[in-house]
Amino acid sequence: MLLGIAGLGWWGQRLVRSVQGKSDAVRFVAAAVSDPAKRADVAKELDLELIDSFETLVRDSRIDGVVIATPHSLHPKQVELAAAAGKQVFCEKPLALTAADAQRAIAACSKHGVTLAVGHNRRFAPNVRSLIETVRSGELGKLLHIEGHWSNENTTRPDFGAWRASPLESPGAGMTGTGIHALDIMTALFGKAAVVRVQYRAHSSAGQAARDALSVLMEFGGGVSGVLTTIRPTPRFWRVHVFGLEGSVEARGDTELRLYRRDQAPVVTRFHEIDTLRSELEAFAHSCGGSAHYPVTAEQMIHCAGALEGIVEQLRTREIQHG
């Protein structure tokens, strides 16, 4: 499958590198960037033709699909433009900043008969897949609660785009581009989330890299409660933990799964680490070809966007606390 990519910054480059020259299913041939001269060297390295507009990219007859790795606010409109041009669409997370925009993007792809995939790459990690299977198997008994923590120090990276910290592009602070991983898993398991309370504390002054701590209390259907925290820029750490009456299961980091049962030592399974970016792009290609279904459903896309929207609404009504 031949692809074009919109955006060739830090994350866009990671996406291309994950498959270029490595995958039999996917190859990138072109990239749309706002400043071609700035990306000339990396484009040459990755064997990409540079194009100066998204509109030109989606009209390129060589490509079967478009990967969108641009600022968050651009995603819904670009999904619609790509779908209208008949291109299969892979959009980086978050698909949209509101549930309504997510629905419009999904509707556009449905109308034009193209696939829409969202880059929730952690869904492809073996420990996360095992966690989801364990929860859905019923072996934890009645489900009670889910906890998530997703932090990293990407805001201190020299190649971290300044736009990622802007209130327009990341209105949910660290939850927008980082905590969204856990939000996706939580809503995939439990559906629509009601955001009950948000606690946000800023630890930086104007002009510094984003340094903040955000915690969210949520409620899901069936009486399941949830807590999610993200902190910027603490060292990278993540976990998702689901609790039931008969036990609990925790995915921790990139490879570990822990199963807890009453009066028993935890059962710890360690999986081999995989390239989740390559996995998601190849799954996208296979879903476009009809040989497999992409694991993130349209309903899950909407629920995830709705949870993010609820967090943003709570943030808008609360005074920021400074540490």
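What order do the six strands of the open sheet take, and with what pairing? The order is S3-S2-S1-S4-S5-S6, and the pairing is parallel.

1. Ground rules. You're looking at a predicted model, where local features need pLDDT of at least 70 and side-chain atom pairs count only at pLDDT 80 or more, while totals for chains, interfaces and linings use all residues. Residues are numbered from 1 along each chain as its sequence is written, and side-chain values use heavy atoms, with hydrogens and water left out. Helices (H or I, at least four residues) and strands (E, at least two) are DSSP runs, numbered from the N terminus. Two strands count as paired if DSSP finds at least two bridges between them.

2. (Axes are lines fitted to C-alpha atoms, for helices over the stretch in contact, and angles run from 0 to 180 degrees between N-to-C directions.) Strands S1 (residues 2–6) and S2 (residues 27–32) pair in the parallel sense over five bridges, and Ala6 has Ala32 in S2 as its bridge partner.

3. Helices on the sheet. Contact here means heavy atoms within 4.5 Å. H4 packs on the sheet and touches S4, S5 and S6, with its direction at about 165° to that of S5. Helix H8 (residues 276–288) packs on the sheet too, touching S1, S2, S4, S5 and S6, and its direction makes about 155° with that of S5.

4. Strand S5, worth a slow look. Which way do the residues of S5 (residues 88–91) point? Gln88 and Phe90 point one way, Val89 and Cys91 the other, and all are buried (under 20% relative accessible area; exposed is over 50%, partly exposed is in between, with a 1.4 Å probe and protein chains only). Strand S4 (residues 65–68) pairs with S5 in the parallel sense over four bridges, and Gly65 sits opposite Gln88. Between S4 and S5 the chain goes through helix H4 (residues 75–84), a right-handed β-α-β crossover. Right-handed means that, with the strands pointing away from the viewer, the path from the first strand over the helix to the second runs clockwise. S5 is also joined to strand S6 (residues 116–118) by three bridges, again parallel, with Cys91 opposite Val118. Together, S5, helix H5 (residues 99–111) and S6 make a right-handed β-α-β unit.

5. His75, Pro76, Gln78, Val79, Ala82 and Ala83 are buried in H4. They cover an arc of only 165° around the axis, which means they lie on the same side of H4; the arc is that of the directions from the helix axis to the C-beta atoms. Lys77 and Ala84, on the other side, are exposed. The buried residues pack against helix H3 (54–58), S4, S5, H5 and S6. Just after H4, Gly86 has a positive phi of about 80°.

6. Strand S11 (residues 237–244) pairs with S12 in the antiparallel sense over five bridges; Val242 stands opposite Val249, and the hairpin joining S11 to S12 runs through three residues. Strand S12 (residues 248–252) is mostly covered, with four of its five residues buried. Five bridges join S12 to strand S13 (residues 256–260), also antiparallel, and Arg252 faces Glu256 in S13. The hairpin of S12 and S13 has three residues between the strands, and Gly253 there takes a positive phi near 65°.

7. Cysteines. Cys288 is partly exposed, at 22% relative accessible area. For Cys304, the closest cysteine sulfur is in Cys91, 12 Å away and too far for a bond; Cys304 is buried, at 3% relative accessibility.

8. Thr297 lies in the loop between H8 and helix H9 (298–316) and is partly exposed, with a relative accessible area of 36%. Glu280 is 17 residues from Thr297 along the chain, and their C-alpha atoms are separated by 14 Å.

Notes: A disulfide is a pair of cysteine sulfur atoms within 2.5 Å.
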